[in-house]
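My notebook is open, and I want to look up one residue and its surroundings. Come along and check each entry with me.

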Amino acid sequence: ITLGTSSVVFAQKSMTAKFPKPDFTAMEEYWQIVSYEYDYATGNMPLIYVVAKKKEEKVPRYWRITWRDAQGVKILSHTLMFDVFDVRNAKADEPIRASAYAPDNKDIPKIKSVIVTEHEDPNWTWNNAGPALDTLTATL
């Protein structure tokens, strides 16, 4: 099992190296980016994981990650999202993970830029509801 795990880790690191580094400028107002990596080893859909730490108590948890070709044409765009309970319960300087679907292997050679922008959170008031969220959490 250890040998297989080593192979998977190596494959993920080599996959991450094939993409341009994402531009996290928009996120960095609210989040300290710790790391990111692509995962092509666990299932049908490839994923990107972003590990970050909150800079403030209330932070946006929805982001848009977009992969573009050399002409700036969008290849793929998905929502990069942190779990609401992870965001709410994370302590200062505690890293948490966001994830999004990533492009297929066949698209990798075409990708020349990766940009993360803020995405409207459809549940912003619910995510920051305080007592209402506490009530919901207590009923779960």
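I count a contact when heavy atoms lie within 4.5 Å. I am working with a predicted model, where local features need pLDDT of at least 70, side-chain atom pairs count only at pLDDT 80 or more, and totals for chains, interfaces and linings use all residues. Residues are numbered from 1 along each chain as its sequence is written, and side-chain values use heavy atoms, with hydrogens and water left out.

**Entry: Asp 69**

I found Asp 69 in the loop between strand E3 (62-68) and strand E4 (74-82); strands are DSSP runs of at least two residues, numbered from the N terminus. Which residues does Asp 69 touch, leaving aside neighbours within four places in sequence? I noted Ile 75, Lys 110 and Lys 112. I also saw the Asp 69 side chain reach the backbone nitrogen of Val 73 at 2.9 Å.

Is Asp 69 buried or exposed? I wrote down buried, meaning under 20% relative accessible area with a 1.4 Å probe, protein chains only. Asp 69 has no salt bridge (a side-chain nitrogen of Lys or Arg within 4 Å of a carboxyl oxygen of Asp or Glu). The nearest side chain of opposite charge is Arg 68, 7.3 Å away.

**Entry: strand E3**

I see that E3 is largely enclosed by the rest of the structure, because five of its seven residues are buried. E3 and E4 pair antiparallel over seven bridges; pairing takes at least two DSSP bridges. Thr 66 stands opposite Ser 77 in E4. On the other partner, E6 (residues 113-118), six bridges join it antiparallel to E3, and Trp 63 stands opposite Glu 118.

Note on methods. Helices (H or I, at least four residues) and strands (E, at least two) are DSSP runs, numbered from the N terminus. Buried means under 20% relative accessible area, exposed over 50%, partly exposed in between (1.4 Å probe, protein chains only). Lys and Arg count as positive and Asp and Glu as negative; His and the chain ends are not counted. A polar contact is a pair of N or O atoms within 3.5 Å; within protein, one must be able to donate a hydrogen and the other to accept it, and residues adjacent in sequence count only if both atoms are side-chain atoms.
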